[in-house]
Amino acid sequence: MTELDPTRAKWVQMVAVIESRIGDGTYPAGSKLPGILALCAEYGVAQVTARKALANLRDRGLIRTENGIGSFVL
């Protein structure tokens, strides 16, 4: 499990980690990100928190989301 700082918003920290992983090639362009349940387990967060993080990444043009399929790095 990825440890998060309890004094900062969890979704903001998730965005930072995922963005870093995109930048360092852990999640290369075109790759599928872990699903919501996997993200919840990794970060110890609720589904609404994981969805908020993915929505932020999507709104910033870093990923695309296909309903029922998953989220992919752009």
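## Packing of α2 against α3

In this predicted model, helices α2 and α3 lie roughly perpendicular to each other, because their axes cross at roughly 105° and angles of 65 to 115 degrees are classed in that way. The two axes come within 9 Å. From α2, the residues Ile-36, Leu-37, Leu-39 and Cys-40 take part in the contact, and they meet Gln-47, Ala-50, Arg-51 and Leu-54 of α3. By class, six residues of this contact are nonpolar, one is polar and one is charged.

## Packing of α1 against α2

Helices α1 and α2 are likewise roughly perpendicular to each other, with axes that cross at roughly 110° and come within 12 Å. Met-14, Val-17, Ile-18 and Arg-21 form the α1 side of the contact, while α2 contributes Leu-39, Glu-42 and Tyr-43.

## The nonpolar core

The largest nonpolar core comprises 18 residues. Met-14, Ile-18, Leu-33, Leu-39, Tyr-43, Ala-50 and Leu-54 have the most contacts inside this core. At least two core residues come from each of α1 (10-23), α2 (36-43) and α3 (47-59). In soluble globular proteins, nonpolar side chains tend to be buried together.

Apart from neighbours within four places in sequence, Ile-18 is in contact with Tyr-27, Leu-33, Leu-39, Tyr-43 and Leu-57.

## Helix α1 and Gln-13

Helix α1 has 14 residues, and the distance from its first C-alpha to its last is 20 Å, close to the 20 Å expected at 1.5 Å a residue. Its buried residues are Gln-13, Met-14, Val-15, Ile-18 and Ile-22. The elements that cover these buried residues include α2, α3, β1 and β2. Just after α1, Gly-25 adopts a positive phi of about 90°.

With neighbours within four places in sequence left aside, Gln-13 is in contact with Leu-4, Asp-5 and Arg-8.

## Helix α3

Thr-49, Ala-50, Ala-53, Leu-54, Ala-55 and Leu-57 are buried in α3. Among the elements that cover them are α1, α2, β1 (63-66) and β2 (70-73). Just after this helix, Gly-61 has a positive phi of about 80°.

## Ser-71 in strand β2

Ser-71 lies in strand β2. With a relative accessible area of 7%, Ser-71 falls below the 20% cut-off and is therefore buried. Which residues does Ser-71 touch, not counting those up to four places away in sequence? Ser-71 touches Ser-31, Lys-32, Leu-33, Leu-54, Ile-63, Arg-64 and Thr-65.

Two of these partners, Leu-33 and Leu-54, are also among the residues with the most contacts inside the largest nonpolar core. The C-alpha atom of Ser-71 is separated by 9.4 Å from that of Ile-36, and the two residues are 35 residues apart along the chain. Ile-36 in turn belongs to the α2 side of the contact with α3.

Technical notes. Residues are numbered from 1 along each chain as its sequence is written. This is a predicted model: local features need pLDDT of at least 70, side-chain atom pairs count only at pLDDT 80 or more; totals for chains, interfaces and linings use all residues. Side-chain values use heavy atoms; hydrogens and water are left out. A nonpolar core is a set of buried Ala, Val, Leu, Ile, Met, Phe, Trp, Tyr and Cys residues joined through side-chain atoms within 4.5 Å. Buried means under 20% relative accessible area, exposed over 50%, partly exposed in between (1.4 Å probe, protein chains only). Helices (H or I, at least four residues) and strands (E, at least two) are DSSP runs, numbered from the N terminus. Contact means heavy atoms within 4.5 Å. Axes are lines fitted to C-alpha atoms, for helices over the stretch in contact, and angles run from 0 to 180 degrees between N-to-C directions. Angles under 35 degrees count as roughly parallel, over 145 as roughly antiparallel, 65 to 115 as roughly perpendicular and the rest as oblique. Ala, Val, Leu, Ile, Met, Phe, Trp, Tyr, Cys and Pro count as nonpolar, Asp, Glu, Lys and Arg as charged, and the others, Gly among them, as polar. The expected span of a helix is 1.5 Å times one less than its number of residues.
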